[in-house]
Structure formats: C-alpha cells, structure tokens
Amino acid sequence: MRRKYKQPKLLTQISGLISIVVILTVFSVSAIFSSMIENITEKSLGNQAMTVAKMVAQKEEIIEAFDDPNPSLTIQPIAEEIRKSTGAGYVVIGNKENIRYSHHLIENIGKQMGTSNRQVFEEGASIIYEGTGISGSAIKAKTPIFDRDKNIIGVSSVGFLNSESHRRVEEYRFKLFGFSIFIVLIGFIGAVIIARRVKKLIFNLEPEEISFLFKEKEATIEFIRDATIAVNKRYEITSMNKRAREMLRDDQIETGGKIINIRLIKMIDTILQTKQSSVNQNFLFGHQLYMVDAAPILLKEQASGAVLTIRPVSEIEEIIDELSTIKGISDNMRAQNHEYLNKLNTIYGLITLEEYEEVRKLISEEVKERQDIVIFLSASVKDPFIAACLLGKINRSKELKVEFEIDKHSNLKQIPPSLNTKLLLTVLGNLIDNAMESASKAKGDKAYVKVSFTDFGSDIIFDIEDNGEGVQEEWLEKIFEEGFTTKEGENHGLGLAIVKNTINLLQGQIYITTSDSGGARFTISIPKK
C-alpha cells in the first residue's frame, strides 16, 4: 500500500521557506560579487601600480641621479625601499635606451628592459596593462620620468605579480564566504523566530485547522436565528449573518458595509470606550421594534470592535410572557383576593351595623360597574382585539390609581376587514400608556385619562386626552423622532416613533392639541379604505 504523504507543519514550512529565500539570495549575490572580485582586484592593483610608478617618477633624488656617472647606486636603494613598502612585485627605473637602473634582482641591473617602452617615450603616456616579463606574469604600470625642463629622461615601471593578485582574490572570496555563512545563519534564526511569532498569533493552529474553524464559524453565524453583526473601530462591518442582511436597510448601513445609524454608532462608541461586557437598547428598524445587544471584541485587553446581536422585541416579550404567566396569575389572584377581602370586610362591618340597605347598594354598584364596562365594550366595539386592549387598560389604570374614562357615546362597529387592527393596537397601547404615565406623574391620585372613538364617516377617529403637563410647543417638531424622550434612563424615546411609523403604515394622520383639562390630546385618524 502506498504511504500517504504527511504535509509539514506550518512552523516548518515558514522557517524552510524564509531560509531557502535567504540562502538563495545570499549565495546568488555572493556568486555575482565573487565573479566581479577578480576584475575589481586587477583594476585596483593596476591603479595602485600606477600610483607607485608616478610617486617614483616624481622623486627628486631619482631625477637628479640620472646625471650621475652611475645612477643605479642612488636609484636602486630608493626603488627597493618603495617596492618593499608598497608590496609591489618589482620597481624598475630605466633610461631612454631601456637600460635598467634598478631591479629586485641585482643581476638584471644594467641590462635591457624586458618590455617595450615606445609608447611612454614617444607619446609621454602613462599606461596600465597585463604582461609577462623576466619577473613573470604581472599587472604593470609605466609612466615617463621628466627632468626639470620637462624632457623625458626615463621610465618608471611598477608591477604587481599575478600571484599577488590571485592571493588577494582568494582572500576576498574567503571573507565573502564567511560573511555569507553568517548572513545565512542570521536569516535562519530570524526565520524560526518569525515562524514562532506567526504561530503564536494564530494560536498555534495549522492552516487546515484555521480553515475548518473559519468555515465552522461562518456556518454557525449564518444559521443563528438572531441577526449578528461584527464591526471594527471605524464602524465597518467585518461579518454579518443572513438574518442581519435581511433586516438592515439603507438607513442603517451604507453601500460597502458601514454602520450609519446614529444611535447604533453611539452604542458602539459606548462599548469601545467602557469595554462593558454587554449593553442592550431598543431600536426601531422600519416599523418593528428590536432589542440590540452589544459586546466588545477585546484584543490584548483593548477593544478593537464590537459584536451586535439583534432580535425582535416581540419575540422577547413572548418568551417573557410565557415565563411570567404563572407569576402574573398568582399576582392577579393575590390582588383580587386583597381587593375583595377589603370589600368583604366592609360588607361584614355594614352587616354588623345592620346597614343592610348599604350592603345591597355596595354589592349592586360593584357588579354593575363590571357588567357595564363589559356590556359597553361588547356593544360598541366590533373588533375583539380592540375591546380587549381597552379592558386591559382599564385594569391597568386601577393599578396606577388613574381615573380612566371611555366616552359613552363612542362607537366602533364599522371596521373594514382590510384594516390591520393589530397595528392599530400598537398605536392605542402606546398612546394610552403615555397618557396615564403623564397624568400620574403630574397629578398623582387625581390623574385622569379619557378615550373616545368613532367610525362615523370615511375615517376611524380616536381621541386620547389626559390632565398631565401637556406637550410643549418646542417639542411638537421632534416628539416623533426616534430617541427623543423627556424620561430618564435608557430604552426610552421609541413609543411615539413606533406610533408615527405605524400610522404612516396605516396611511393615517396624528394630531397633537391641548385637552380641556390642560394636558395633551392625541387625535388619530385612520382611513377605512
């Protein structure tokens, strides 16, 4: 059976790749430079030979010695001293007849020079060339020697043997090789350090593991029922699931994926600055209310972004309602028990005092009030949802100790089937709750709310008025804006925004005036068609 090839780990791959790149780069550069060293060395030695030759040609002692009966006695010691101090292979001084006055081999003094000096004597040129003489192959430099009258009287010839050139080339190449090995070692150590750093940053995961985790995260986020969005410090969306793409519209994000909703931006800023574990607020997207939870994305204890989770408030309320049903029933039974116990105590006291007529009157009033409300709503309101909503608000008003009145002349029997009464309930519920809160805050036990409605004509009209502080004139322009509120704390400023959007959806109108008692009156007009 053929063995399956095991792929190297990421650390090995990164280290190997960087090391190979460093080795190829260093040795390629070294090879190129090595091929250039020989030419550079030859050129350097040629220039050095010319420098020595010109230095010799300009020495006064040598120029004056040409007039001596035996010039070599003076010139030879000087030439040898210069040869030894400069490392030259030879320093030869000759006259115009090519007779040597100096040579490192004494037996060659007085003999003809081994190479031609025609170009030097005829043209007065200084030349550099490679040639072979009696001393062997060498890089040579020749320059004319002038007397005080600028006449050529001789030649200065300096040569560096090729053996010296080869020695220098090998020396340079050895240094280059040592330096290359040092750079390769540094590169290899750096590759290991970088690879370990990369592995640490990706939590020691291999590419296959990272790919799997990414796909797993993507699949998980996509199938989360709630909308989930991740943003960075610049409010740019880095990821979002299918539910979020369906929910958010152009008034929340711009093309290219950037949050532009002002309240969402403020919420993100709060998370980034405070690094709280979780912040939640209510938002109105379109015509539906949503709960938005935000949590910071922490990197080295610094907030680098935020995660937003969005879910409809209606779903949360359904869960809460289900969980609190038993508690609500229990509280309601306790409240009714307390209320009726008080009434029974009153009845018992009246019976003890033999006030039987008052007992009959009290019982009749209690029964009549309940029956009158139910009978009136059943007779005047065709839609059971609206009737139930009003009955619920009556019970709520007793808990808040607010006098709640429904105009006895109200009538709502001609509701067209096309009208979405559940949307209408949203409007009524918010307006009545606001009216009771406003009246209770301003008047306490003397709080009063009145509701009247009619379906006469082509519109359905609702009036909700209270004896609270009313709506100030400067608030009229912005009272329906999302986030505007006169209450303290978070998650306020949404009720009237929801009311306005819902009425627009129903193609209706809403008006704000002052009630007869000095509070606010909200008038709603909803067309039947």
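The legends below describe close-up views of a predicted model. Residues are numbered from 1 along each chain as its sequence is written, and side-chain values use heavy atoms, with hydrogens and water left out. As the model is predicted, local features need pLDDT of at least 70 and side-chain atom pairs count only at pLDDT 80 or more, while totals for chains, interfaces and linings use all residues.

**View 1. Aromatic pair F66 and Y101.** The structure holds two aromatic pairs (rings of Phe, Tyr and Trp, the last by its six-membered ring, with centres within 6.5 Å; planes under 30 degrees apart count as stacked, over 60 as edge-to-face and the rest as tilted). The ring centres of F66 and Y101 are 5.2 Å apart and the planes meet at 65°, so this pair is edge-to-face. The pair links distant parts of the chain, 35 residues apart: F66 lies in the loop between α2 (60-65) and α3 (72-86), and Y101 in the loop between β1 (90-95) and α4 (118-123). Helices (H or I, at least four residues) and strands (E, at least two) are DSSP runs, numbered from the N terminus. F66 is buried at a relative accessible area of 13%, and Y101 is also buried, at 13% (buried is under 20% relative accessible area, exposed over 50%, partly exposed in between; 1.4 Å probe, protein chains only).

**View 2. Aromatic pair F453 and F462.** These two rings form a tilted pair, with 5.4 Å from centre to centre and 35° between the planes. F453 is buried at 3% relative accessibility, and F462 is buried at 0%.

**View 3. Lysine charges over phenylalanine rings.** The charged end of K408 sits over the ring of F376, 5.3 Å from the ring centre. K500 has its charged end over the ring of F480, at 5.7 Å from the centre. A charge sits over a ring if NZ of Lys or CZ of Arg is within 6 Å of the ring centre and within 35 degrees of the ring normal.

**View 4. Five-stranded open sheet.** The strand order is β6-β5-β11-β10-β9, with antiparallel pairing (two strands pair if DSSP finds at least two bridges between them). β6 (237-240) and β9 (279-285) are the edge strands, each pairing on one side only. From one strand to the next, the twist averages 25°. Axes are lines fitted to C-alpha atoms, for helices over the stretch in contact, and angles run from 0 to 180 degrees between N-to-C directions.

**View 5. Strands β9 and β10.** Seven antiparallel bridges join β9 to β10 (residues 288-299). Q281 has V292 in β10 as its bridge partner.
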